[in-house]
Amino acid sequence: MKKNKYIGYLLILPTYILFALFFLIPLLYSFKLTFYEWNGFSPTMEFVGLQNYMMLFQSQDFINALKNTVVYAGSTVILAVFISLVLSVVVQDGIKGYQTIKGIYFLPHIVSLVAVGVVWSWVFLPNSSGLLNAIIGVFGLESQKWLADPNLAMGSLVIIGVWKSIGYNMVIFIAGLLSIPESLYEAAKIDGATKLQSFTKITVPMLKPTMFFVMVSATIYSLFQVFDIVNVTTGGGPVGSTEMLVTYLYKVGFEQFQIGYASAIAFVLFIMTALITVIQKKFIEER
């Protein structure tokens with residue numbers, strides 16, 4: 001019995017070694033770098049204590065990137081989760097060929113983010129050759145600059161983020177919907193419950209674990225995977241209106257070579273993600 005116990009530890013040992021080599025050690029080393037000033041090439045590093053963290057909150061560029069990240073992530077997660085949930089219920093509720101529809105919705109999730117950025121750049125072209133301007137032109141509306149307008153650029157990115165996320169969220173929600181016993185809906189129907197009452201009293205409570213998973217994964221996705229889309233479509237502009245923490249981190253770390261400062265930004269992003277996850281868990285549990 002004791003021998004079998006050690007064999008179990010031996011079997012999972014490679015996974016722990018890989019976890020330590022490619023996640024834990026780089027994470028700890030990155031945390032160490034937040035207390036140093038280093039350009040990434042010099043053999044020596046200067047210890048500066050908490051200076052990198054203090055510089056963060058004195059930098060208008062960082063504050064702007066933080067604000068943009070919160071607006072983008074908040075808008076994308078709320079819209080993507082709500083639309084995905086509604087579409088999942090509609091599609092799963094007796095529509096013919098829903099497997100095909102589910103596959104069509106899932107396609108954007110497997111498309112490269114760079115390709116997504118290129119396609120949507122064409123959709124949002126600021127002249128009449130852009131698809132969206134051509135559509136609104138049919139209704140007599142003036143062409144908009146979309147990605148080149150500071151007031152419209154963030155909204156345009158949110159549309160791309162929501163479109164990209166809906167398919168994946170729908171697959172998870174539909175799996176959750178299929179796990180709800182049909183007998184609950186039949187009992188509610190016998191008691192005279194409407195479809196809306198069945199949705200709010202049965203579907204939503206039974207989907208809490210699924211909803212939590214979708215919200216956490218959507219938040220992490222919107223915080224970290226936005227880099228490619230921003231880099232291809234706006235580059236953080238115009239006038240910093242779409243600069244996100246991940247793009248700001250890249251510019252500071254790999255264009256200005258302030259590795260310690262960039263590491264401090266990464267840790268703020270890490271803590272932010274953890275806090276949002278805890279808040280979402282509390283919110284779902286209370287609901």
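Q: How many helices and strands does the protein chain have, and what makes a stretch count as one?
A: The protein chain has 13 helices and two strands. Helices are DSSP runs of H or I with at least four residues, strands are runs of E with at least two, and both are numbered from the N terminus. The model is predicted, so local features need pLDDT of at least 70 and side-chain atom pairs count only at pLDDT 80 or more, while totals for chains, interfaces and linings use all residues. Residues are numbered from 1 along each chain as its sequence is written, and side-chain values use heavy atoms, with hydrogens and water left out.

Q: Why is Phe267 called buried?
A: Buried means under 20% relative accessible area, exposed means over 50%, and partly exposed lies in between (1.4 Å probe, protein chains only). Phe267 has 10% relative accessibility, so Phe267 counts as buried. Phe267 is placed in helix H13 (residues 259-286).

Q: What does Phe267 touch, not counting residues up to four places away in sequence?
A: Contact means heavy atoms within 4.5 Å. On that basis Phe267 touches Leu27, Ser30, Phe31, Thr34 and Tyr53.

Q: How do you know that the span of helix H9 agrees with its number of residues?
A: The expected span of a helix is 1.5 Å times one less than its number of residues. H9 (residues 195-206) has twelve residues and should therefore span 16 Å; its end C-alpha atoms are 15 Å apart, which agrees.

Q: Why are the buried residues of H9 said to line one face of the helix?
A: The buried residues of H9 are Ser198, Ile202 and Thr203. Seen down the axis of H9, they fall within an arc of 90°, so they line one face. The arc is that of the directions from the helix axis to the C-beta atoms. The face turned away from the buried side carries the exposed residues Leu196 and Lys201. Helix H7 (153-178) and helix H8 (182-190) are among what covers the buried residues of H9.

Q: What span is expected for helix H10, and which of its residues are buried?
A: H10 (residues 208-224) has 17 residues, and 24 Å is expected at 1.5 Å a residue; the helix reaches 24 Å from its first C-alpha to its last. Its buried residues include Thr210, Met211, Val214 and Leu223.

Q: Why does Ser156 count as buried, and which residues is it in contact with?
A: The relative accessible area of Ser156 is 2%, so Ser156 is buried. Ser156 belongs to helix H7. Leaving aside neighbours within four places in sequence, Ser156 is in contact with Phe124, Trp146 and Leu147.

Q: Which peptide bond is cis, and what is its omega?
A: The bond that joins Gly237 and Pro238 is cis, with omega about -10°. Pro238 is in the loop between helix H11 (226-233) and helix H12 (245-254).
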